[in-house]
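Let's go through this one together, question by question. Have the sequence and the model open side by side.

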Amino acid sequence: MNKNIPLIVDLDHTLIDTDLLVESSIATLKKSPWLVALYPFWLLQGKGYLKAQLIKHCDIDISTLPYNQTTINYINKRKKAGTQVILATASHEFYARKVAKHMDLFDDVMASNKHFNLSSHNKAYKLVERFGEQGFDYIGDHMRDLPVWQASNLAILVNVSTKVIRKTQHLNTLILSKKNNF
């Protein structure tokens, strides 16, 4: 573990055991079910735009989210070693900053906004632009993280399926936890 290489942490299903797009959609529809008619129009303008519209119509209590203790323990270990830790998420920056403030673990936040969805290839591109190829370690959970893991120094896997493990075998990986496949 090189403390000079920053640790980049995904949010949905990595730091938390849920997805903020799903949570904000449910909260919005419970409060204003008629808004479901607007979802297709919002989505036509991009996923980032949809997320920006949802935050206008609901709020999520960040303190009640199901945080992943395995991920938190790993972050704390890296922080104690002097590693810079950055939350990088496809979730909207409004929620990402609230989570970062609540957790008090992150040195910076990179997130989606209404113009840009920070996911998959977009996330890989922005991280390489900022830290260089193999200039960061990345902790994530899903196949959409594959482009980011491929650009990273260390692919850290949490809550991953057997399929994800197979697809990342060729990379420098650390598996923190696997999904229970029933």
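Q: By class, how many nonpolar, polar and charged residues does the lining of the largest pocket have?
A: This is a predicted model, where local features need pLDDT of at least 70, side-chain atom pairs count only at pLDDT 80 or more, and totals for chains, interfaces and linings use all residues. Residues are numbered from 1 along each chain as its sequence is written, and side-chain values use heavy atoms, with hydrogens and water left out. A pocket here is an open set of points on a 1 Å grid over the protein atoms alone, where a 1.4 Å probe fits, with protein on both sides within 12 Å along at least five of seven lines; lining residues have an atom within 4 Å of a point. With Ala, Val, Leu, Ile, Met, Phe, Trp, Tyr, Cys and Pro as nonpolar, Asp, Glu, Lys and Arg as charged, and the others, Gly among them, as polar, the lining comes to 8 nonpolar, 6 polar and 8 charged residues.

Q: How much space lies in the largest pocket, and which residues are closest to its centre?
A: Volume means the space filled by probe spheres set on the grid points, which are joined across faces, edges and corners. That gives about 270 Å³ for the largest pocket. Of its 22 lining residues, the ones closest to the centre are Asp12, Asp19, Lys51, Ala90 and Ser91.

Q: Which element gives the largest share of that lining?
A: Helices (H or I, at least four residues) and strands (E, at least two) are DSSP runs numbered from the N terminus. Two or more lining residues each come from α1 (20-31), α3 (47-57), β2 (85-92) and α6 (120-131). The largest share, 4 residues, belongs to α1.

Q: What does threonine 28 touch, leaving out residues up to four places away in sequence?
A: Threonine 28 is in helix α1, and it counts as buried because its relative accessibility is 0%. Contact means heavy atoms within 4.5 Å. By that test, threonine 28 touches Pro33, Leu35, Tyr39, Leu54, His57 and Cys58.

Q: How far apart are the end C-alpha atoms of α6?
A: The expected span of a helix is 1.5 Å times one less than its number of residues. For the 12 residues of α6 that should be 16 Å, and the distance between the end C-alpha atoms agrees, at 16 Å.

Q: Which exposed residues does α6 carry on the face turned away from its buried side?
A: Ser120, Lys123, Ala124 and Leu127 are the buried residues of α6. They cover an arc of only 100 degrees around the axis, so they share the same side of α6. An α-helix has 3.6 residues a turn, so residues three or four places apart point the same way. The face turned away carries the exposed residues His121 and Tyr125.

Q: Is phenylalanine 136 buried or exposed?
A: Phenylalanine 136 is in the loop between α6 and β4. Its contacts, not counting residues up to four places away in sequence, include Ile5, Leu127, Phe131 and Val148. Its relative accessibility is 0%, so phenylalanine 136 counts as buried.

Q: Where is asparagine 159 found?
A: Asparagine 159 also isn't a glycine, and its phi is positive, near 55 degrees. Look for it in the loop between β5 (154-157) and α8 (162-167).

Definitions and conventions
Buried < 20%, exposed > 50% of the residue type's maximum accessible area, 1.4 Å probe, protein only. Arc of directions from axis to C-beta.
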